[in-house]
Amino acid sequence: MLTESARSDIAQRAFVLDTQAELASTVLPMLAHHDLLRTGLPVAQGGHGGDVRDAIAAITEVAGLSLTTAFVFWSQRAFIHYLQASGNDAARERWWDALLRGDIAGAVGLSNVIKFLSRIEALQVQAKPAAQGWCLDGVLPWVSNVRSQGFVVAAAVQPEGGGLPMVMALESGLPGLVRSPDLDLLGMRASNTAALQLNQVAVPAQALLAQAGPPYLKAARPGFLGMQCALSIGLARAALQAAAQDGGARGPLHTRVTEAQKTLGQVEAELLEGVLGDRWVADVSPLFALRMRLAGLVQEALQLELQATGGRAYLQDQQPDFGRRWRESAFIPIVTPSLTQLEGELAQHAPQVVA
C-alpha cells in the first residue's frame, strides 16, 4: 500500500523520531505528503475509498517501519473515525478537510473515559452549562498528536449534576486550554505527547460530538481498536521478518519464527473479518482478546529477533532497528486500553461457572 518513496521517508526518520522530539512537527505533514490520511474513507468525503480495513492495512505497514509515525497516523485516523461517527455536521464541516490535509492534528484524549467506564477512576473534566455551550475545567494527563502548530482533541466530560458523559471536540487556541511541554517518554518521543489543562474553557455547542458518550464510543470502538491493533501487527511482523532473515534463525528457532508468523497472520485475518458490522459492537470481548493476543505476539516476536540476532542486537551501531523496536514494544501493553484494563473488562464479562 505504501509507495517506495513513503517507505523510504518513514524508515529514514524512524530512529530519530523514536529518540528525539525535534522533528515531531514533521510527522503529520509527512503522512499527508504521501497521501495516507485519506486511506479507508469514502471518495464522496474526500477519501480514497475502501473502509476501515484499508486504514488498518496502511497503519500496519507504517508500524513495521516506525511505531512513532504509525501512532501519529492512528491518532489522526482515530479522531477522524470519531468525527465520522458523530451526527454533528457543523463539526465535520469545520475540521474534516483540514484533518485529511494534515493541516490540523487530531487527537483522542479518551484514556480517562475508558478508565471511568471500567470503574477505575472518575472523569477528570467537568462541564457546566454556559450561555452558548459549556465551560470546562479539568485535565487530560496524557494525549498524543497534540501538535503545537494546531490540534483538535476528542474528550469525554462529566456534565454538572451527573448524567452520561458527553464527548466534545476541543480545539487548540481556546482560552484556558493549556498544553504542557512534551512528556519525557522512554521512546516515541516525536509523537507530540503532552498533558492538557483546562481552566474555564468556553466550548461552543457546535463542538459536541455526542450528547450520550457511552453508546457513541461503543459503536465506534471496533474501528478505533481495530486500527490500534495495526500497531501491534506491524511491529510484530517487522521483528519476525528480521528474525527470519538473520542467519541465527536456524533449526528449532526457525520453526518458532515460522509458527509465530503463521499465528500472526491468522489473528490479523480474524481482525479484518470481524471489524466491520455490529458483532463487536454488541460484544466487544473477542476484540479485546485479539488485542491481548497481539500484544503477546509482539513480545514473542522481539524475543525471537533477539535470539536470532544474538549479541549483535545489543550493538546499536550494528542493529539500531532492534533497539528501536524493543523500546516501541514497551508501549504496546500500556496504550489505552491497556492490557490491565482489558484483562479487567474480560474478567467482568466472563461467564460465571456454576458448581
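Guide: Two packed helices are described by the angle between their axes and the distance between the axes. In this predicted model, helix H2 (residues 24–33) packs on helix H4 (residues 67–85) at an angle of about 70°, and their axes are 10 Å apart.

Visitor: What does that angle make H2 relative to H4?

Guide: Angles from 65 to 115 degrees count as roughly perpendicular, so H2 is roughly perpendicular to H4.

Visitor: Which residues make the contact?

Guide: From H2 come Val27, Leu28, Met30 and Leu31, and from H4 come Thr69, Val72, Phe73 and Gln76. By type, the residues of the contact of H2 with H4 are six nonpolar and two polar, with no charged residue.

Visitor: At what angle do helix H3 and H4 pack?

Guide: Helix H3 (residues 52–63) packs against H4 at about 155°, with 7 Å between the axes. An angle over 145 degrees counts as roughly antiparallel, and H3 and H4 are therefore roughly antiparallel to each other. H3 contributes Ala55, Ala58, Ile59, Val62 and Ala63 to the contact, while H4 contributes Leu67, Thr69, Ala70, Phe73, Trp74 and Arg77. The residues of this contact divide into nine nonpolar, one polar and one charged.

Visitor: How is the pair H1 and H11 arranged?

Guide: Helix H1 (residues 4–19) and helix H11 (residues 320–329) have axes that come within 10 Å and cross at roughly 45°. H1 and H11 are therefore oblique to each other, and their crossing is left-handed. On the H1 side the contact has Ala14, Phe15, Asp18 and Thr19; on the H11 side it has Pro320, Arg324, Arg327 and Glu328. Of the residues in the contact of H1 with H11, four are charged, three are nonpolar and one is polar.

Visitor: What does the UniProt record place at residues 4–103?

Guide: The unreviewed UniProt entry places the feature "domain: Acyl-CoA dehydrogenase/oxidase N-terminal" there, at residues 4–103. In the model that span is 70% helix and 0% strand, and its end C-alpha atoms lie 24 Å apart.

Visitor: Moving to side chains, how many aromatic pairs does a search of the whole structure find?

Guide: The search finds six aromatic pairs. In one of them, the ring centres of Tyr82 and Phe224 are 5.5 Å apart and the ring planes are at 45°, so the pair is tilted. Tyr82 lies in H4 and Phe224 in helix H7 (residues 213–245), so this pair ties together parts that are 142 residues apart in sequence.

Visitor: Now the backbone. Which residues does a cis peptide bond join?

Guide: The cis bond joins Thr336 and Pro337, with omega at about -5°. Pro337 is in the loop between H11 and helix H12 (339–349).

Technical notes. Residues are numbered from 1 along each chain as its sequence is written. This is a predicted model: local features need pLDDT of at least 70, side-chain atom pairs count only at pLDDT 80 or more; totals for chains, interfaces and linings use all residues. Side-chain values use heavy atoms; hydrogens and water are left out. Axes are lines fitted to C-alpha atoms, for helices over the stretch in contact, and angles run from 0 to 180 degrees between N-to-C directions. Helices (H or I, at least four residues) and strands (E, at least two) are DSSP runs, numbered from the N terminus. Angles under 35 degrees count as roughly parallel, over 145 as roughly antiparallel, 65 to 115 as roughly perpendicular and the rest as oblique. A crossing is left-handed if the near helix is turned anticlockwise from the far one by less than a right angle, and right-handed if clockwise. Contact means heavy atoms within 4.5 Å. Ala, Val, Leu, Ile, Met, Phe, Trp, Tyr, Cys and Pro count as nonpolar, Asp, Glu, Lys and Arg as charged, and the others, Gly among them, as polar. UniProt positions are given in the numbering used here, feature names are shortened, and annotations may be inferred rather than shown by experiment. Rings of Phe, Tyr and Trp (its six-membered ring) pair if their centres lie within 6.5 Å; planes under 30 degrees apart count as stacked, over 60 as edge-to-face and the rest as tilted.
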